[in-house]
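Trainee: I've got a chain open on my screen and I'd like to learn how to read it. Could you walk me through it?

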Amino acid sequence: MSSVPFAGNTSPAGGQQQGGAAGNGKTSAIQNQVNEVVGIMQQNIEKVMERGERLDTLQNKTEDLNHSAGQFRRGATKVRKQMWWKNMKLKIIIALVVIAVLLAIILPLVTGGSSSEQAKP
């Protein structure tokens, strides 16, 4: 706040036309208001700075969470592929066992039936 009087003001006291006591009371009241406004502005600035710090903290946590999510996604994809191969191997083993059992049942019937008739003369 500037204490420069405006161009139309010619009084040496900076625009105060009243006596010294009344002028000092007004000045001190205005100074108190200015001090209140300064205090409020300082509190607002502190709050903005705290908010900025919280935003920085939140941004850091967001970046960490994004990084962790990427690692989780890669790990989940790896585990999914491993489980798919494990499942596929199990299916292949079951299929081979079924084929072996069928061959064990069918081959003796096919080869044993025709060879046993030929062996009995």
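Mentor: Helices here are DSSP runs of H or I with at least four residues, strands are E runs of at least two, and both are numbered from the N terminus. Keep in mind that this is a predicted model, where local features need pLDDT of at least 70, side-chain atom pairs count only at pLDDT 80 or more, and totals for chains, interfaces and linings use all residues. Residues are numbered from 1 along each chain as its sequence is written, and side-chain values use heavy atoms, with hydrogens and water left out.

Trainee: How many helices and strands does the chain have?

Mentor: One helix and zero strands.

Trainee: And what share of the residues counts as buried?

Mentor: Buried means under 20% relative accessible area, exposed means over 50%, and partly exposed is in between (1.4 Å probe, protein chains only). Of the chain's 121 residues, 3% are buried.

Trainee: How do I read a pair of aromatic rings?

Mentor: You look at the distance of the centres and the angle of the planes. Rings of Phe, Tyr and Trp (its six-membered ring) pair if their centres lie within 6.5 Å; planes under 30 degrees apart are stacked, over 60 edge-to-face, and the rest tilted. That rule gives one aromatic pair here. The ring centres of Trp84 and Trp85 are 4.8 Å apart and the planes are at 80°, so this pair is edge-to-face.

Trainee: Is Trp84 buried, exposed or partly exposed?

Mentor: Trp84 is partly exposed, at a relative accessible area of 46%.
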